[in-house]
Amino acid sequence: MIPRSSVRHALFRIALVLAVVLGLLVTGGPAATAGPDPHRPPPDLFPSENGPLTPDRNRTSKAADVIQDLGAPISSLTIMEGAIGRTPDGRDVVYAVPAGENALLNVVDLHSRQLLNTVSLNGAAGAWAIVVAADGRVYVGTYPNAHLYRYDPADGTVSDLGQPIPGESQIYGLTADQNGNVYAGTYPTAHAFKYDGSTGQVTDYGSLDPVQQYARSTVYDPDHNALFVGISTPNARLLRIDLATSAVEDITPPGLPAKDFIDLDYAGGRVFANASSRLIVVDAVTGEQLKFTDSETGSQVMDYAIAARGVSAAGPGGVYFTTSTLALTHYDLDTNTIGPVSPTVRLTRGASIGYGWVTENGVPVLYGLAGNYSGGTFRYDPQAGTLAQWSSPFQYVPVPLMHALSDPSDGKVFVNAYLNGSTSVYDPPTGKSTVTTRLGQVEGWGWDTTGKMYVGIYPYGRLSLWDPHAPESPTNPRELFSLVDSHHQNRPLAVVPSGDHVYVGTTPGYGEYGGAITVYDVPTGAFTVYRDVVVDQTIASILPMGTTLWAGSGIEGGQGTEPRATEAHLVKVDPAAGSVSTDVVPVPGAASINELSIGPDGNLWGLADGTVFVANPTTGQVLRTIPVFTGRTGANDGALSWRDGYLYGVTGGRLFVVDSLNGEATVLRDHGLNRLTQTTDGTYYTLLRPDGWTNPTNLASYTPPADPCPQSDLRTTVWTGNVNSYVINRNVRYGCTLTDELPDASADWPNHAAYVRAVDTTVGQLESDGTVERWEGVLIRVAATRSDVGR
């Protein structure tokens with residue numbers, strides 16, 4: 001390859017010769033001045049308030065924060081599980097932990113229905129596990145720090161007991177024995193442990209599965225001093241630990257099709273298990289799966305539909321739970337019969353997520369929580385057959401945010417919440433957010449051309465169609481399909497409407513490998529799923545181009561797995577057949593290709609972890625790579641957006657911009673951000689994790705510099721009319737390229753000489769201020785002279 005400096009010097013010699021000719025054609029032009037240093041850094045297009053940025057290729061602004069914190073757009077309740085207890089002063093209370101930053105343990109009086117106390121669990125974002133121990137103290141197992149906390153109702157204080165199993169991120173399935181000890185499982189290495197309430201000693205029963213990562217549920221058997229542990233995804237396993245010897249026995253019922261044991265409970269010598277939303281009953285001694293009688297049909301069954309966080313403790317009539325229809329149902333321990341209570345009652349706020357028996361006037365009454373999002377609470381009197389329901393006053397908190405998308409019709413910004421699934425609409429002119437339809441946890445979404453939104457929702461790999469400009473109804477939003485049961489797909493990360501199709505890229509289900517591209521046909525409602533387009537990998541990004549698709553993968557399998565792949569692929573796919581014609585690795589070692597876009601140069605631009613790459617849109621050949629930062633990201637990280645020749649993006653918490661002409665990346669903010677969407681006025685919106693917090697709870701905006709040259713000429717070289725000067729085009733100030741600064745070749749010039757003189761004058765000014773070098777100016781003048789402008 002000929003050195004670039006040699007080419008420049010050759011062009012300079014040619015330009016000097018041509019300058020003689022030019023001098024005969026142009027009169028009155030200024031003498032060419034000495035050019036600037038040919039090795040000077042590029043112009044500083046993103047100045048800092050604290051001085052110019054350094055000329056490093058990847059620069060980080062030292063200015064005051066470029067983003068504006070707009071606050072939390074959604075405050076709501078997300079409760080995973082509740083527990084019923086009694087305080088030393090005789091109050092019957094319900095305990096729950098609404099998910100949120102430094103989550104709060106809430107204590108509510110069941111009878112007065114008043115919030116009695118809130119106590120911060122510093123470092124926790126929520127709790128999948130809560131139990132009242134025999135001594136009345138409350139234990140909470142949290143995420144993402146996997147700490148155990150203990151609340152003492154005697155003095156209203158909480159103690160952080162630390163991380164029982166170092167390195168874990170979740171505690172699941174807290175259960176208690178009669179001696180004040182508690183037990184639980186963990187993720188991601190599927191440990192089970194005991195915490196001694198008297199000594200603080202932790203007994204680790206080890207990692208219970210070499211592959212599966214979830215010890216998702218536990219229950220203590222007081223009759224046989226045993227601990228049952230449910231291992232989850234991709235195959236549910238039921239283990240029994242003899243607590244006297246720590247011996248572990250696998251008692252999984254043969255042929256059980258379940259993927260997970262969501263909850264375990266114990267009553268009357270039997271273990272009740274929610275096995276992938278089917279209730280099964282296992283003999284605690286023999287491990288045999290028991291048959292029982294369905295009271296509605298009179299038939300013997302091996303399982304029964306359940307939609308609840310397990311079953312209640314035993315009380316009058318047996319154990320209680322809810323079904324998918326929210327009917328309160330019981331299993332009679334004396335008759336081994338299951339069915340709805342009589343008279344039939346239904347909870348109205350959601351499935352039951354916690355229970356406890358309270359004695360009132362000598363009669364046991366069942367209290368519980370119902371539904372995750374409204375504080376729904378119920379009281380069921382089995383003797384009277386009556387049900388009362390209300391909302392307990394748990395404290396609403398800002399929730400972690402999952403996604404953001406601007407409305408191209410009016411510039412409003414839609415924001416969706418993690419886990420909770422609530423959606424809020426932010427109105428920039430008023431600065432107000434309004435909570436709207438609960439869509440579910442949005443993994444990916446996109447607008448069609450009619451103002452409707454296609455929404456990819458976790459769990460169950462669902463795609464829904466929503467018209468946010470029409471009233472909510474049973475058909476708005478409308479679920480179009482679900483992929484989890486039929487094709488083992490769980491998270492729709494890429495949702496791309498295009499013409500008569502919607503293209504969806506998904507992660508596989510829990511414990512599975514092999515994501516998919518789903519092609520949904522809008523007119524017919526039919527869809528086709530192509531799994532393992534990239535073997536063992538997720539499909540994280542999709543870009544339709546003509547009759548084909550480009551797709552970017554992520555090395556992840558489903559949750560609860562370790563990646564088998566080592567680097568992300570860029571593939572060209574025929575959407576009619578699912579076949580791959582091109583397969584390249586644009587950035588070796590990158591874990592995920594999170595975004596794909598067509599640049600103003602017509603090339604394919606993508607984001608692979610912290611690197612922007614440019615590829616030939618036909619062959620996939622990588623033309624150049626532009627590092628933003630070094631490090632890996634996940635498949636749901638990253639975003640790209642074009643604005644007048646600049647590529648804005650978010651990756652690894654960073655807001656950055658790439659000058660598409662010189663290929664330089666500038667980091668505008670180096671932490672705390674996720675997602676990126678642009679409104680009609682050019683403002684960018686992103687999700688913000690406030691400093692010191694662990695989750696993005698706030699919406700933030702970034703306003704790029706004003707663009708003085710809309711619709712810039714972004715060709716790689718400078719053209720004067722129909723003639724290429726071969727001078728490298730570049731941005732010489734924000735939004736304006738070197739070509740933009742020249743006289744407009746499309747204007748109505750009186751004659752050719754007038755255009756040439758105008759170019760000469762402008763080029764002279766650019767040479768004087770150091771914007772172009774002398775040899776570049778000569779080439780531009782020659783090109784103008786040779787052009788047909790004004791002829």
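Two rings of Phe, Tyr or Trp (its six-membered ring) make a pair when their centres lie within 6.5 Å. By that count, this predicted model holds 25 aromatic pairs.

**View 1. Tyr139 and Tyr195, a tilted pair.** Here the two rings sit 6.0 Å apart, centre to centre, with 55° between their planes. Tyr139 belongs to strand β9 (residues 138–143) and Tyr195 to strand β14 (residues 191–195), so the contact ties together parts that are 56 residues apart in sequence. Zoom in and you'll find both Tyr139 and Tyr195 buried.

**View 2. Tyr458 and Tyr510, another tilted pair.** The ring centres of Tyr458 and Tyr510 are 6.4 Å apart, and their planes meet at 40°. That angle makes the pair tilted, because stacked needs planes under 30 degrees apart and edge-to-face needs over 60. Tyr458 comes from strand β39 (residues 453–458), while Tyr510 sits in the loop between β43 (501–508) and β44 (516–521), so this pair links distant parts of the chain, 52 residues apart. As for solvent, Tyr458 is buried at 13% relative accessible area, whereas Tyr510 is partly exposed at 22%.

**View 3. A cluster of rings around the second pair's residues.** Tyr458 and Tyr510 turn up again here, joined through ring pairs with Trp128, Tyr172, Tyr187 and Tyr214. Trp128 also has a charged neighbour: Arg216 lies over its face, 4.9 Å from the ring centre.

Conventions: Residues are numbered from 1 along each chain as its sequence is written. This is a predicted model: local features need pLDDT of at least 70, side-chain atom pairs count only at pLDDT 80 or more; totals for chains, interfaces and linings use all residues. Side-chain values use heavy atoms; hydrogens and water are left out. Helices (H or I, at least four residues) and strands (E, at least two) are DSSP runs, numbered from the N terminus. Buried means under 20% relative accessible area, exposed over 50%, partly exposed in between (1.4 Å probe, protein chains only). A charge sits over a ring if NZ of Lys or CZ of Arg is within 6 Å of the ring centre and within 35 degrees of the ring normal.
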